[in-house]
Each structure stands twice: as C-alpha cells, then as structure tokens.
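We'll go through a helix pair first, then a couple of individual residues.

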Amino acid sequence: QLMGGTPANFLDVGGGANETQVQKAFEILNADDKVRAILVNIFGGIMRCDVIAAGIINAAREIGIRKPIVIRLQGTNVAAAKTMIEGCGFKMIVAEDLEDAAKKAVGVAEIAAQAAKIQVNVQFEGFQL
C-alpha cells in the first residue's frame, strides 16, 4: 500500500522459480480484470534477476501482456536482466527502488482506472489496455 495503491493481486513465485513459473504467474495477473498495472519487485540473491526477466519477456511474447509492467530488480545477475529488458522490444517501466516502483505502478494504475471509468481505451507504450 506504499504510495497510496492497493494490490489487486499478490503473487510470490518464491526463490526457486523458473521461467515457466514466472510466465504462469503473469498469465494469472494478465487475466485478472482488477489488476491495472503489474509491479515486479525482485530483491535478493536466491532468485536470479535474469530468470525473472526471461520469464516476463516470454510471458509478454506468448500471452500478450496487456498491462503496464513496472520492474524493480536488485540482486543476482541484475545487469544481465536489465540488458535483456532493454533489448526485448517491449517497453517496461524500470524503477531504481521500491518507493520509485510503487509510485510508478500506482500512477499508471490510476490512469488505467480513470480511462476505464469513462470507457476510453488507453495505450501505454508497448501495451494496450
């Protein structure tokens, strides 16, 4: 609930998740009409950031993610993960810390909610709502 947002869904893939599990988590979030934006917060040494990034990118390609994604990555293989995200062809919002990520996620979720309220389609760069 940082920055005034309220999570519509909360998923924890755990420290041993693989790309397929990350993709499955994104399928759940993408299908949830209450989710207006997806905030990915990875901090730690157990879960490799490049595995999470690969799962997110695969999900975007395979299932057609329609919601803006805000990503905060810190930990093992973070540089490789950021390089993957920058070169994947999808525009994702990268945040430097959790507060920045929360601010950005709440901001895009509020835009999406207001647009839905007045029945106007909004397109975030790289994603269609």
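Here is a short walk through some of its helices and loops.

This is a predicted model, where local features need pLDDT of at least 70, side-chain atom pairs count only at pLDDT 80 or more, and totals for chains, interfaces and linings use all residues. Residues are numbered from 1 along each chain as its sequence is written, and side-chain values use heavy atoms, with hydrogens and water left out.

Start with helix H2 (residues 49–63) and helix H3 (residues 78–86), whose axes come within 7 Å and cross at roughly 20°. Helices here are DSSP runs of H or I with at least four residues, strands are E runs of at least two, and both are numbered from the N terminus. Axes are lines fitted to C-alpha atoms over the stretch in contact, with angles from 0 to 180 degrees between N-to-C directions. H2 and H3 are therefore roughly parallel to each other (angles under 35 degrees).

So who touches whom? On the H2 side you'll find Cys-49, Asp-50, Ala-53, Ala-54 and Ile-57, meeting Val-78, Ala-80, Ala-81, Met-84 and Ile-85 in H3 (contact is heavy atoms within 4.5 Å). Those residues divide into nine nonpolar, no polar and one charged.

Now hop to Gln-23, which sits in helix H1 (residues 19–31). Gln-23 is buried, at 17% relative accessible area (buried is under 20%, exposed over 50%, partly exposed in between, with a 1.4 Å probe and protein chains only). Beyond neighbours within four places in sequence, Gln-23 is in contact with Gly-55, Asn-58, Ala-59, Glu-62 and Ile-63.

Ile-46 lies in the loop between strand E1 (38–44) and H2, and is exposed, with a relative accessible area of 70%.

Conventions
Angles under 35 degrees count as roughly parallel, over 145 as roughly antiparallel, 65 to 115 as roughly perpendicular and the rest as oblique. Ala, Val, Leu, Ile, Met, Phe, Trp, Tyr, Cys and Pro count as nonpolar, Asp, Glu, Lys and Arg as charged, and the others, Gly among them, as polar.
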